[in-house]
Amino acid sequence: MLVVMQAHASEEQIRAVCQKIESLGYRAHPIPGAERTAIGVTGNQGEVEAGTLEEMAGVQEVIRVTKPYKLVSRDIKEENTVIRFPGTTATIGGTALAIMAGPCAIENREQAGAVAERVARAGAQFFRGGAYKPRTSPYSFQGLGEEGLRILAEIREQFGLRIVTEAIDNESLELVEEYADIIQIGARNMQNFSLLRRAGRARKPVMVKRGMSATLEELLMAAEYVMSEGNYNVILCERGVRTFADHTRNTLDLSIVPAVQRLSHLPIVVDPSHGTGKRNKVTPLSRAAVAVGADGLMVEVHPDPDKALSDGVQSLYPDQFEELMAQVRQIAPVVGRTIPSVDPAIGRLSKAGTSARSLS
Ligand code: PEP
Ligand code: MN
């Protein structure tokens, strides 16, 4: 159920309605919009008795939400959610495209630093890289764990990049929450409901990647799990689904972008690296993702992909990422988007790999 407050409702009236909802044994989720605040009611098994709430001061109407997802829906918030990062100009979901780039896995300080410098210089504002890797084989590289997180924290310091990294279980989520700016929930965990709930109690934004056989509704329900715990900063990520097609690793389903945007206020970014699994398809699909209206891109980049410990075949060389950015910069304005300009201090770094520590 949804309690829509009047445009001029006071803070006090909003608080009183929330208290009433909680006293009835439900959970209240006040979501401020541009025009008015709507309060989502969750925790009810059946229908909530609307009568008492309807009569309260400042309430415009009480609406029954028939869709299974409520807090992620545009019914509760008409305008797009824009996620902000305190102390920076980076946003996700606004006019500016969010560009996330980096290696599949953090392998060591040198590798991470080499990629970070190049992607920062090319215009990324977010650095991706796994410290905990969910691998198909138990014998494959599983990530550096907390050491990887420490390297990521150094990257943030040195290059002013926001950090996106995956939590694979409740234990790693504790640490990822401490070190990262965005907690990534991977495709294999999209329906790990206890992990989603734990992410919903975290104080950092959460990026939920689409499961490899998940429907649009299942993806939205995964985000609903996170929001139902009180964390409203959720980003969705399309990364391809399994189909009969075998010319790519997965089939990148770009049509989900406008479909999500119709139903939800949450931002959606596209990962063409896992979405295609092939380096030569990453740039064309990045162009397409921007053209279709995605709120950002997540791209794997490695200084020496042939030697990468994971996902080398889909990782771009840094030069290729630069070229991708040049192309995407041309497409963005056509669809009314911008790409933030590169921090001039980063832009001045030499290709030889000047340390950027002095920048921070
Ligand atoms: C990743 O981003 O490195 C990753 C493992 O992605 P996914 O969960 O989409 O497979
Ligand atoms: Mn990967």
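This is a predicted model: local features need pLDDT of at least 70, side-chain atom pairs count only at pLDDT 80 or more; totals for chains, interfaces and linings use all residues.
Side-chain values use heavy atoms, without hydrogens and water, and residues are numbered from 1 along each chain as its sequence is written.

**Barrel.** I looked up the strands (DSSP runs of E, at least two residues, numbered from the N terminus, as are helices, runs of H or I of at least four), and I found eight of them in a closed barrel, S7-S8-S9-S10-S11-S12-S13-S14, with parallel pairing; two strands pair if DSSP finds at least two bridges between them. The twist from one strand to the next averages 25 degrees, where angles run from 0 to 180 degrees between N-to-C directions of axes fitted to C-alpha atoms, for helices over the stretch in contact.

**S12 and its neighbours.** I saw that S12 (residues 234–238) runs parallel to S13 (residues 268–270), joined to S13 by three bridges, and that Leu236 stands opposite Ile268 in S13. Helix H7 (residues 216–228) packs on the sheet, touching S11 (206–209) and S12, and makes about 160 degrees with S12; contact means heavy atoms within 4.5 Å.

**Helix H5.** I then found H5 (residues 170–179) lying across S9 (162–166) and S10 (182–185), at about 150 degrees to S10.

**Cysteines.** I looked for disulfides (cysteine sulfur atoms within 2.5 Å) and found zero. The sulfur of Cys237 is too far for a bond, because the closest cysteine sulfur, in Cys104, is 13 Å away. Cys237 is buried at 0% relative accessible area, and Cys18 also counts as buried, at 13%; buried means under 20%, exposed over 50% and partly exposed in between (1.4 Å probe, protein chains only).

Key:
Chains are lettered from A and ligands numbered from 1 in the order in which they are written.
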